[in-house]
Amino acid sequence: MVRAGLTVERLVEAAAELADEAGFDNLSVSALARRFGVKDASLYSHVRNLQDLRTRLALYAGGELIDRIAAAVAGRAGKEALAAFAGAYRDYALEHPGRYAATQIRIDQALIADSAALRRTAEITYGVLRGYGLGEPDLTDAVRLLRSTFHGYCVLESAGGFGADRDVRASWDKAVDALHLALTHWPREGKSDD
């Protein structure tokens, strides 16, 4: 029997809040059930198991993240779009650490294909990079560079991993400047330096 008031949407929103408060790794069906004052079994009418809950949270958070990025890059191109993209990414990761961690889990390829938010993520990211004149396979390489740079920086920053006196935001801005230079002077596949 489905408990009145419990919906998949409410569970995922509560899971997002819980992940931000306690950490994504500490998200559990039991902790979520306690938040609603119900037994674990009450949630299984809505989610199959913990992996299902985490996947739903990943898709939810991915949608939030790309909505923020899309709003930031709208009407911008080149370095301005890259900086807006980077800023929205970093802000989300720092403001919502549990949700951000959820966006990093591996998701079944069939679910990715069915997710409008994840398709939109690819469209917006590739759109920003096409502004640098990139095509495949360089687009994929550039996406990997951006993701690894943004992710690594955000994880280190949120863990307090930058101990030098230099302002962390100033270093972030320099990193974005360096990415812009790398994208502007991208070593295109099949082109010789001769």
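1. A word on terms before we start: axes are lines fitted to C-alpha atoms, for helices over the stretch in contact, and angles run from 0 to 180 degrees between N-to-C directions. Two packed helices are described by the angle between their axes and the distance between the axes. With that in hand, take helix 4 and helix 5: their axes lie 8 Å apart and the packing angle is about 145 degrees. This crossing is right-handed. Please also keep in mind that what we are looking at is a predicted model.

2. Which residues make up that contact of helix 4 with helix 5? From helix 4 come A61, E64, L65, R68, I69, A72 and V73, and they meet A81, A84, F85, A88, Y89, D91, Y92 and E95 of helix 5. By type, eleven of the contact residues are nonpolar, four are charged and none is polar.

3. Now for the overall picture. The chain holds ten helices and zero strands, and its pattern along the sequence reads α-α-α-α-α-α-α-α-α-α. Its C-alpha atoms fill a box of roughly 70 × 40 × 30 Å along the principal axes. There are 194 residues, of which 40% count as buried. The accessible surface comes to about 10600 Å², with 51% of this belonging to carbon and sulfur atoms. Taking contacts between residues at least 6 apart in sequence, 67% join residues at least 24 apart.

4. Helix 4 has another partner to look at. Helix 4 (residues 50-73) and helix 8 (residues 116-130) have axes that come within 9 Å and cross at roughly 35 degrees, and this crossing is left-handed. On the helix 4 side the contact uses L59, G62, G63, I66, D67, I69, A70 and V73, while helix 8 brings A117, L118, R120, T121, I124 and V128. Sorted by type, these residues are nine nonpolar, three polar and two charged.

5. Between helix 4 and helix 5 runs a loop, and G75 sits in it. Is G75 buried or exposed? With a relative accessible area of 88%, G75 is exposed, because exposed means over 50%. From G75 to R188 there are 113 residues in sequence and 26 Å in space, C-alpha to C-alpha.

6. Leaving aside residues up to four places away in sequence, L82 touches V128, Y132, L146, F150, V176, L179, H180 and L183. V12, by contrast, is 70 residues from L82 in sequence and 30 Å from it in space, C-alpha to C-alpha.

7. H180 lies in helix 10 (residues 168-184). Why does H180 count as buried? Its relative accessibility is 18%, and buried means under 20%, so H180 falls within the cut-off. Beyond residues up to four places away in sequence, the contacts of H180 are K79, L82 and Y132.

8. Turning to the annotations, the unreviewed UniProt entry places "domain: HTH tetR-type" at residues 5-65. Over those residues the chain is 70% helix and 0% strand, with end C-alpha atoms 27 Å apart. The UniProt annotation "DNA-binding region", also from an unreviewed entry, covers residues 28-47. That span is 60% helix and 0% strand, and its end C-alpha atoms lie 12 Å apart.

9. Helix 2 (residues 29-36) has V29, A31, L32 and A33 as buried residues. The buried residues of helix 2 pack against helix 1 (8-22), helix 3 (40-43) and helix 4. After helix 2 comes G37, with a positive phi near 70 degrees.

10. Most residues other than glycine have a negative phi, and most peptide bonds are trans. The bond joining E136 and P137 is cis, with omega about 0 degrees. P137 is located in the loop between helix 8 and helix 9 (138-158).

Technical notes. Residues numbered from 1 in each chain as written. Predicted model: local features only at pLDDT ≥ 70, side-chain atom pairs only at ≥ 80, totals over all residues. Heavy atoms only, no water. Helix = DSSP H or I, 4+ residues; strand = E, 2+ residues; numbered from the N terminus. Buried < 20%, exposed > 50% of the residue type's maximum accessible area, 1.4 Å probe, protein only. Contact = heavy atoms within 4.5 Å. UniProt positions renumbered as here; feature names shortened; annotations may be inferred. Left-handed = near helix turned anticlockwise from the far one by under 90°. Nonpolar A, V, L, I, M, F, W, Y, C, P; charged D, E, K, R; others polar. Areas by Shrake-Rupley, 256 points an atom, 1.4 Å probe, with all protein chains shown as cover.
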